[in-house]
Amino acid sequence: AVHVFERNNGTWTQSAYLKAPKTAIEDHFGKSVCIYNDIIAVGAPRNESSIRGIADETTLLNSTMTGERTGAVYIYKKRNGKWYFDTFIKPENASHLDKFGWDLAIQGNTLVVSSPREDSTSALVNGSDLSNTNDEGANTGALYIYIRENGEWKMQAYLKTPSPSYEAYLG
């Protein structure tokens, strides 16, 4: 769980207790957390959901747990003074033990998510088409960039080192 505290007039009070809408044992929900204004991103680098891509709560609740421990990010949004689950994010090319969501950074409408055990030897991808990525390396690592436009999250880029190498753990 993630406990959210806010400071008002010099006093800290708990304003929210965030849990994943759907979990599995050892998801590691809350391993990484970042906040920017009215958005909280929470990493769960061992998430087991079968979803690939960006999903809402209904889709997430109807998904199955595959046991792959690929990782995921949960986005929460503050509305009318309360925090609500908003979006579930997992890359289209997620595979076993990638640890997507290991670290997070958010600034404005840009979210950066690390996946240090991602295995592709593919190069930089601008846009959301990850169909040419592969699992030919071992723990090369990757960074995924997401942009929020009109309230919706979209993948913008997939970043790799120029020459992805074995156990580089980028991210």
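Start with the aromatic rings: this predicted model holds 8 aromatic pairs, counting ring centres within 6.5 Å of each other.

Select Tyr76 and Phe85 to begin. Their ring centres are 5.7 Å apart and the planes meet at 75°, so this is an edge-to-face pair, the term used for angles over 60 degrees.

Now widen the selection to Phe29, Tyr74 and Phe88. Together with Tyr76 and Phe85, these residues make up one aromatic cluster.

Next, go to Phe100 and Tyr144. Here the centres lie 5.2 Å apart with the planes at 80°, so this pair is edge-to-face as well. Follow the chain between the two and you will see that the pair links distant parts of it, 44 residues apart. Phe100 belongs to the loop between strand 7 (82-90) and strand 8 (104-107), while Tyr144 is in strand 11 (residues 142-149). Both Phe100 and Tyr144 are buried.

Then pick Trp102 and look at the face of its ring. What lies over it, at 4.0 Å from the ring centre? That is Lys31.

For the last stop, switch to a cartoon view and find strand 1 (residues 2-8) and strand 2 (residues 11-18). The two run antiparallel and are joined by 7 bridges. Select Val2, and opposite this residue you will find Leu18 of strand 2. Finish at the turn: strands 1 and 2 form a hairpin with 2 residues between them, and Asn9 in that turn has a positive phi of about 55°.

Note on methods
Residues numbered from 1 in each chain as written. Predicted model: local features only at pLDDT ≥ 70, side-chain atom pairs only at ≥ 80, totals over all residues. Heavy atoms only, no water. Phe/Tyr/Trp six-rings, centres within 6.5 Å; stacked < 30°, edge-to-face > 60°. Helix = DSSP H or I, 4+ residues; strand = E, 2+ residues; numbered from the N terminus. Buried < 20%, exposed > 50% of the residue type's maximum accessible area, 1.4 Å probe, protein only. Lys NZ or Arg CZ within 6 Å of the ring centre and 35° of its normal. Pairing = 2+ DSSP bridges.
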